[in-house]
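Please give a short report on this structure for someone who has not seen it before. Keep the sentences brief and define the terms along the way.

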Amino acid sequence: MEKRESKLLQIVSIVTIIFTVLGLLVSIAAQLFAAQLLASAETAGAQNVSTPVFITILGYLTSVLSLAAGILGVMYWNRPEKAYPCILAGLGVLICKAASAVYSLITSLTITQQVPGLDAETASMIRTGTVVGVVVSIVLTMVLPVLYLIGAVKLSKMQAE
């Protein structure tokens, strides 16, 4: 009897869980650190200082979806009839990561306009470097979700066989 399983889905799911848990711990620590910095900035007299709420919420939503996708992948990697929830979770993660990527790209393009005293050439170099960094980051952050989705689709095709 032929095995109906997706080892790719299993391995990517385990890696996704590990990276998501580590990422959540780092995000929580960064959020606490940012809160301290903002409090210090306000105490020093800075005005209109805040953390971007949208990207914070999107980041935590992406983390929760990634963790759920990883758990589903580990639970269902060898059950083709349960591939559909994995595909949905994978698509949800990709959509959230795409939204985050668009936000990061827009932010990186506009951030240099907010720095007073920058000449046009320096601002252009900073903007170009930032955009390249964001694009590389986008490609790297999409690797696991795309592999996860490939594994889930492969699992769903096993059900049809």
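The report below covers the fold, the largest pocket and a few selected residues.

**Basis**

This is a predicted model, in which local features need pLDDT of at least 70 and side-chain atom pairs count only at pLDDT 80 or more, while totals for chains, interfaces and linings use all residues. Residues are numbered from 1 along each chain as its sequence is written, and side-chain values use heavy atoms, with hydrogens and water left out.

**Fold**

The protein chain has four helices and zero strands. Helices (H or I, at least four residues) and strands (E, at least two) are DSSP runs, numbered from the N terminus. The order from the N terminus is α-α-α-α.

The chain has 161 residues, and 26% of them are buried. Buried means under 20% relative accessible area, exposed means over 50%, and partly exposed lies in between (1.4 Å probe, protein chains only). A contact means heavy atoms within 4.5 Å. Among contacts with a separation of 6 or more, 82% join residues 24 or more positions apart.

**The largest pocket**

The largest pocket holds about 950 Å³ of space. Its lining has 35 residues, and G59, T62, K97, S100 and T141 are the closest to its centre. A pocket is found on a 1 Å grid over the protein atoms alone: it is an open set of points where a 1.4 Å probe fits, with protein on both sides within 12 Å along at least five of seven lines, and lining residues have an atom within 4 Å of a point. Grid points are joined across faces, edges and corners, and the volume is the space filled by probe spheres set on the points.

Which helices supply at least two residues each to this lining? They are α1 (7–43), α2 (53–76), α3 (83–110) and α4 (120–160). By class, the lining has 18 nonpolar, 16 polar and one charged residues. Here Ala, Val, Leu, Ile, Met, Phe, Trp, Tyr, Cys and Pro count as nonpolar, Asp, Glu, Lys and Arg as charged, and the others, Gly among them, as polar.

S6 sits in the segment before α1. Is S6 buried or exposed? S6 is buried, at 0% relative accessible area. Its side chain reaches the backbone oxygen of G151 at 3.2 Å. Leaving out residues up to four places away in sequence, S6 touches W77, G151, K154, L155 and M158.

K154 belongs to helix α4. This lysine is partly exposed, at 41% relative accessibility. Y76 lies in helix α2 and is buried, at 13%. Q31, in helix α1, is partly exposed at 29%.

| Pair | Separation along the chain | C-alpha distance |
|---|---|---|
| K154 and P80 | 74 residues | 8.8 Å |
| Y76 and S6 | 70 residues | 9.0 Å |
| Q31 and T56 | 25 residues | 8.7 Å |

**The salt bridge**

How many salt bridges does the structure hold? It holds one. A salt bridge is a side-chain nitrogen of Lys or Arg within 4 Å of a carboxyl oxygen of Asp or Glu. R79 forms the bridge with E81, and the closest N and O atoms are 3.3 Å apart. R79 is partly exposed, at 33% relative accessible area. E81 is also partly exposed, at 47%.

Methods:
A polar contact is a pair of N or O atoms within 3.5 Å; within protein, one must be able to donate a hydrogen and the other to accept it, and residues adjacent in sequence count only if both atoms are side-chain atoms.
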